[in-house]
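Have a look at the structure first, then read on.

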Amino acid sequence: MRNVTQGKFLLACSVCFLIGWLLGNGRPTSLLADPTPSKKVASLPFPMSARLGGNLYLQTSAEYRACCRGIYKCAELRLETALERAVAKLTKPAVVMDLDETVLDNSAFQTFLYKNDLEYTDDLWADYEENYPQDVTLIPGAKPFIDRAEALGVAVIFISNRSEHYKKSTESALKRNGIDAGNSAGRLYLKPKGGTSDKSARREAAAAKYNVVMYFGDNLRDFSESFQAAKLTKDATPEDYLKAIKQRASSADEAACHWGIDWFVLPNPVYGEWEKLIGPDPTAVLHPTSMKGKVPAP
Ligand SMILES: [Mg+2]
């Protein structure tokens, strides 16, 4: 009887191994062929598995689409009003837009990471950015807004931390989605090799050439470096994280005169500057509750 049980166990292990092997070999091969595999760090406070809900929201909820379209429609109406009410005709009016998760939807990259049990690395992102422009789609409402802005004679400037080195791929992603990248000279500010993710200098360069009337982003650093998350040390306590979260929230509140007027934020529940303040224990920064309901026994 014992031998029969052991035999069944070994058979089950063999079947599991075979299924695992087949599944592993059925993965998309090109990104996985990257010689620099993603580091899977078990102790990450916000691992890829925790981002699944955010990515599902982006990809499947009609609510997300409605939200983005509402933001862009509001911006369109604001732009028309701003141009009409200008005391004198604005010379070289422009809007500045971030690309990733503001105009371009890269949620398929997140799907790749999740399905292959990988964590984000710069190398994997660089591979996606360079070689998969065909996987990039559009954030709902972005294209109608861009079309309307251009029809109003407003230049659309893109400031992105995509790499200058892969400019052709980014132009391809834009072109595939019907955004004129052939005329991007002077309108596409990417991150130069060795450059910083701080967009301030590029915003200033755009402002020197154009009369910028609006900014768009999914990360508050698309608007100002004052929203950069505080850099906390390894021995920071949950109270330190909560203090930094409150400081950042206060900064957003202090800029209330901009939101929906000349600064427009697109939701990104998957990644962003905000995640830097989650800390090693995500539950420690959640709002407490006074609820005393019965907790079922485990
Ligand atoms: Mg972005």
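Two strands count as paired here if DSSP finds at least two bridges between them. Keep in mind that this is a predicted model. With that in hand, the sheet reads as 5 strands in the order β5-β4-β1-β6-β7, open and with parallel pairing.

**The sheet**
- The edges belong to β5 (188–191) and β7 (263–265), each of which pairs on one side only.
- From one strand to the next, the twist averages 20 degrees.
- Strand β6 (residues 211–217) runs parallel to β7, and 3 bridges join the two.
- If you want to find that pairing on screen, go to Gly-217, whose bridge partner in β7 is Val-265.

**A helix across the strands**
- Helix α4 (residues 62–85) lies across β1 (93–97), β6 and β7.
- Its direction is about 170 degrees to that of β6.

- Glu-101 has a positive phi of about 65 degrees, though it isn't a glycine.
- You'll find Glu-101 in the loop between β1 and β2 (104–105).
- Glu-101 counts as buried because its relative accessible area is 4%, and the cut-off for buried is under 20%.
- Asp-117 is another non-glycine with a positive phi, near 55 degrees.
- Asp-117 sits in the loop between α5 (107–115) and α6 (122–131).
- Is Asp-117 buried or partly exposed? At 48% relative accessibility, Asp-117 is partly exposed.

Definitions and conventions
Residues are numbered from 1 along each chain as its sequence is written. This is a predicted model: local features need pLDDT of at least 70, side-chain atom pairs count only at pLDDT 80 or more; totals for chains, interfaces and linings use all residues. Side-chain values use heavy atoms; hydrogens and water are left out. Helices (H or I, at least four residues) and strands (E, at least two) are DSSP runs, numbered from the N terminus. Axes are lines fitted to C-alpha atoms, for helices over the stretch in contact, and angles run from 0 to 180 degrees between N-to-C directions. Contact means heavy atoms within 4.5 Å. Buried means under 20% relative accessible area, exposed over 50%, partly exposed in between (1.4 Å probe, protein chains only).
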